[in-house]
Every structure is written in C-alpha cells, then in structure tokens.
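Thanks for coming, everyone. Please bring up the structure on your screens. I'll talk through helix packing, then the pockets.

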Amino acid sequence: MHISEGVLSGEVLAAGAVVAVAGAAWGLKKIQNDDLPKVAIMSATFFIASLIHVPLGPASLHLVLGGLVGLLLGWASFPALLVALALQALLFSFGGLVVLGVNTVVMALPALACYYLFSPLVRSNSNAMCLTGAALAGAGYVLVAGSLSALVLYLSGEAFITAAQAILLAHLPLAALEGLITALAVGFIRRVRPAMLFTIGSLS
C-alpha cells in the first residue's frame, strides 16, 4: 500500500502532509506516559508486518494489521504509523520521505475508522461479537486503505487509473487474510490481557 515517490501531484502531497501532521499532533495529545509501551508495540507490529512487499505498479501490497492498530490505539494510530512509515522509508526505502504524509494518511485514516466503527463490538461481553468486530476491522481496513491508495493515484493523473483499478482488485484477497489474522489476534488478547482492548483516549 506504500505509494512510491515521483508519482503523486504536488497538491496531493501537500494535502497529505497537512492531514498527517494534524492527525499525529492530535494523536500525541491522547497518549499518556503509561500508553507508550502499547503504542511502541503496535508501531513495531505494523513495521514488521509490512516488511514483505509484493510490487504492484507504483504501489505495493503487504500485510499491515492496520485494523488491529486502530482498534487498540484509536487516534494514537497516527503518530504510531507515522514513526513506522518513516523508519521504513529511511531504512528500506519503502515509499519515501516525500510521500510520507500521504502514506500516513492512507494507513492511519482507515485505522481510525476501524476504531470508531468496530471497537464497541470488540469490547462487547460476547465473544462472537468481539471476533466479528475484529474480523470486520481487519478486512475493512484493507479495503478502505486500498481505496484511498487508488484515490490518491487517480487524483494525480489519468496515467494511474489502470494502476488504481489493479490495486483495488488485488486488495480483495488480502482483506480476507487480514480479517482472519486480526480476529485471531484479538481473540488471543481477549484471553490473556483484555485490558489492552480498551483504546487509548477512550472514555471506557
């Protein structure tokens, strides 16, 4: 899902940078000192899960676990994913610093959507509801992130329309895999440390 450098328009890059900075700033306000280990763990989880890439034109596909990040971190997903993406760009040249803002928005906005839509299900007393919410978050995250990747390519010029369509189609099997893995991960967390399911900055 990383967008490569040199393919996006200046307007898209600028808008992505503004939204990423605003989201990261708000996310940092939500984080307390006791939350730092949790944020660091989820940032590292995203970093490691994203290391294996399958190139797809000007973008790439990979496991991300962004739905899990969103469920556990809420608004803190923005700074957590920003740090992970920056390290990937610096250490492995995934994406790039110029497109860091856009890539952060593409990854963090779906995570935030998962928090608002599915965290009530995940914190439900019903195990079935919890696992269903987790699966929907994992699959939904991939579909929304893929759609945002396609959108920013489309907004940058007609030359990328074919690539945008290919990205959308390629994310369908990945969505199913992410849904399954997220449900398994949340089920494990629910058994061993259910307090982690209460999101940073939530009222619960």
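A term before we start: an angle of 65 to 115 degrees between two axes counts as roughly perpendicular. Keep in mind that this is a predicted model.

Let's start with helix H3, residues 66-73, and its crossing with H5. Their axes come within 8 Å and cross at roughly 70°. H3 and H5 are therefore roughly perpendicular to each other. H3 passes H5 in a right-handed crossing. Who makes the contact? From H3, we have Gly-66, Gly-67, Gly-70 and Leu-71. From H5, we have Ala-111, Cys-114, Tyr-115, Phe-118, Ser-119 and Val-122. Sort the contact of H3 with H5 by class, and you get 6 nonpolar, 4 polar and no charged residues.

Stay on H5, and bring in H6. How do H5 and H6 run relative to each other? The axes of H5 and H6 come within 8 Å and cross at roughly 155°. The cut-off for roughly antiparallel is over 145. So H5 and H6 are roughly antiparallel to each other. Their crossing is right-handed.

Now the residues. H5 brings in a list that includes Val-102, Val-105, Val-106, Met-107, Leu-109 and Pro-110. H6 answers with a list that includes Met-129, Cys-130, Gly-133, Ala-134, Leu-136 and Tyr-141. By class, the contact of H5 with H6 holds 21 nonpolar, 2 polar and no charged residues.

Next pair: helix H2, residues 36-49, and helix H4, residues 77-92. Here the axes come within 9 Å and cross at roughly 45°. That makes H2 oblique to H4. H2 passes H4 in a right-handed crossing. On the H2 side, the contact uses Val-39, Ser-43, Phe-46 and Phe-47. On the H4 side, look for residues including Ala-80, Leu-81, Val-83, Ala-84, Gln-88 and Phe-92. The contact of H2 with H4 has 11 nonpolar, 2 polar and no charged residues.

On to the empty space. Rolling a probe the size of a water molecule over the atoms shows where empty space is left.

What is the volume of the largest pocket? About 240 Å³. Its lining includes Asp-34, Asp-35, Pro-37, Lys-38 and Ile-41.

Which helices each supply at least two residues of its lining? Helix H1 (10-30), helix H5 (100-122) and helix H6 (127-155). Among the lining residues of the second largest pocket are Val-12, Ala-15, Gly-16 and Val-19. Val-102, Val-105 and Val-106 line the second largest pocket too, and these three also sit in the H5 side of the contact with H6. Leu-148 and Val-152 line the second largest pocket, and on the H6 side they meet H5. By class, the lining of the second largest pocket has 10 nonpolar, 1 polar and no charged residues.

That's my tour. Over to you.

Technical notes
Residues are numbered from 1 along each chain as its sequence is written. This is a predicted model: local features need pLDDT of at least 70, side-chain atom pairs count only at pLDDT 80 or more; totals for chains, interfaces and linings use all residues. Side-chain values use heavy atoms; hydrogens and water are left out. On a 1 Å grid over the protein atoms alone, a cavity is a set of points where a 1.4 Å probe fits but cannot get out, and a pocket is an open set with protein on both sides within 12 Å along at least five of seven lines; lining residues have an atom within 4 Å of a point. Grid points are joined across faces, edges and corners, and a volume is the space filled by probe spheres set on the points. Helices (H or I, at least four residues) and strands (E, at least two) are DSSP runs, numbered from the N terminus. Ala, Val, Leu, Ile, Met, Phe, Trp, Tyr, Cys and Pro count as nonpolar, Asp, Glu, Lys and Arg as charged, and the others, Gly among them, as polar. Axes are lines fitted to C-alpha atoms, for helices over the stretch in contact, and angles run from 0 to 180 degrees between N-to-C directions. Angles under 35 degrees count as roughly parallel, over 145 as roughly antiparallel, 65 to 115 as roughly perpendicular and the rest as oblique. A crossing is left-handed if the near helix is turned anticlockwise from the far one by less than a right angle, and right-handed if clockwise. Contact means heavy atoms within 4.5 Å.
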